[in-house]
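This report describes a ligand site and the pocket that surrounds it. Please view the sequence and the structure below before reading on.

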Amino acid sequence: MGKLQTELSIQSKARLNIGVEIPVLGLGVYQTSPGRSTQDAVRTAIGFGYRHFDTARIYGNEADVGEAIRDSGISREDVFITTKLWNSDQGFDSTIRACESSLKRIGVDFLDLYLIHFPVTGLRQESWRAMKKLLVTGKCRAVGVSNFTIRHLDELLSRSDLVPAVNQVEFNPFLYQRELLDYCHAKKIQLEAYSPLTRGERLNHPKVARIAAQISRNPAQVLIRWGLQHGLVVIPKSTREQRIRENSQVFDFHLSNDHMQILDSLNEDLRTNWDPSNVA
Ligand code: NDP
């Protein structure tokens with residue numbers, strides 16, 4: 001893990017705290033319809049060089065991710081698959097069962113990364129204990145969490161000797177969680193940015209548009225590159241071929257310090273998803 005430099009490519013990987021490597025760019029498939037849409041998006045992405053796919057049991061498209069990967073002929077070892085434990089499956093035994101079900105649906109023997117989707121009150125510790133078992137038994141190469149705040153991470157670390165490999169959170173210049181980034185960096189937890197494109201809500205922001213125009217890129221590419229230059233793993237979602245390609249064309253330019261500073265100053269605590277801040 002750690003800061004990634006200018007010499008990135010779509011093959012670039014970050015090393016997680018347990019030694020597993022994760023491609024720094026992945027395709028997200030939230031709100032990508034199950035069936036043909038998901039399969040087409042994954043196939044298209046593979047064609048453009050993506051090797052990292054981010055699904056979840058609640059997205060309903062785990063099977064399609066697995067099928068598209070199998071159809072591509074790429075070997076299992078060359079692709080990185082993340083899925084997530086849904087809230088209603090939290091608890092020790094149910095976490096083990098949920099992982100087995102996800103493995104079956106995807107059609108693989110192991111996950112590269114399994115995440116607790118959300119810090120559900122009263123259940124997350126037991127779920128984390130089960131995640132450790134899944135790691136030890138080889139069902140998952142890495143385990144982590146999602147939507148955890150510093151408070152949730154502190155609690156987890158005080159009760160377990162297993163440090164999450166990843167914390168996947170909403171992160172973009174409009175929700176620039178600098179303290180959380182610093183905390184995760186210090187604890188060797190890789191931060192992964194979901195909704196890196198603000199789900200489209202700020203792609204037309206004048207400052208982002210101006211930077212994009214100055215470097216002959218588009219706003220989505222600027223936001224993805226911003227995350228990469230902050231050392232994040234970034235997982236933009238699209239179902240459109242043109243955008244899936246554009247979103248991967250972020251490795252042949254560099255944002256200057258000035259541009260990074262402008263983007264760093266755009267925080268407005270924008271949440272386009274759920275907000276875990278007040279979860280006890
Ligand atoms: P993103 O910020 O990735 O934005 C996706 C939206 O932007 C879609 O509407 C897409 O439309 C559009 N878009 C994509 N590329 C471009 C482009 N180049 N130009 C203009 N518009 C574009 O949002 P997500 O919330 O989907 O986040 C990404 C991934 O993160 C998810 O798919 C999921 O895997 C993960 N995630 C995890 C969560 C968690 O709780 N752990 C919560 C939310 C997301 P179109 O498809 O039509 O191109």
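Which helix gives the most to the lining of the largest pocket? That helix is helix 9, with three residues. The model discussed here is predicted.

**The pocket**

The largest pocket holds about 760 Å³ of space. Its lining is made up of 35 residues, and those nearest the pocket centre are Tyr 30, Gln 31, Ser 195, Arg 199 and Lys 237. Sorted by class, the lining comprises 14 nonpolar, 14 polar and seven charged residues. Besides helix 9, helix 8 (219–229) also takes part, and each of the two supplies at least two lining residues.

**The ligand and its shell**

It is in the largest pocket that the ligand sits. Around the ligand there are 29 residues, of which Asp 54, Ser 195, Leu 197, Ser 238 and Arg 243 come nearest. Helix 9, which spans residues 241–248, contributes three residues to the shell around the ligand, the largest share. By class, this shell contains eleven nonpolar, eleven polar and seven charged residues.

| Residue | Protein atom | Distance to a ligand oxygen atom |
|---|---|---|
| Val 29 | backbone N or O | 3.2 Å |
| Leu 197 | polar backbone atom | 2.8 Å |
| Arg 243 | side-chain N or O | 2.8 Å |

How much of the ligand's accessible area does the protein cover? On its own the ligand has 900 Å² of accessible area, and the protein covers 90% of it.

Notes:
Residues are numbered from 1 along each chain as its sequence is written. This is a predicted model: local features need pLDDT of at least 70, side-chain atom pairs count only at pLDDT 80 or more; totals for chains, interfaces and linings use all residues. Side-chain values use heavy atoms; hydrogens and water are left out. A residue is near a molecule or strand if one of its heavy atoms lies within 4 Å of it. A polar contact is a pair of N or O atoms within 3.5 Å; within protein, one must be able to donate a hydrogen and the other to accept it, and residues adjacent in sequence count only if both atoms are side-chain atoms. Accessible areas come from the Shrake-Rupley method with a 1.4 Å probe; for residues, only the protein chains shown count as cover. On a 1 Å grid over the protein atoms alone, a cavity is a set of points where a 1.4 Å probe fits but cannot get out, and a pocket is an open set with protein on both sides within 12 Å along at least five of seven lines; lining residues have an atom within 4 Å of a point. A molecule sits in a cavity or pocket if more than half of its atoms lie within 2 Å of its grid points. Helices (H or I, at least four residues) and strands (E, at least two) are DSSP runs, numbered from the N terminus. Ala, Val, Leu, Ile, Met, Phe, Trp, Tyr, Cys and Pro count as nonpolar, Asp, Glu, Lys and Arg as charged, and the others, Gly among them, as polar. Grid points are joined across faces, edges and corners, and a volume is the space filled by probe spheres set on the points.
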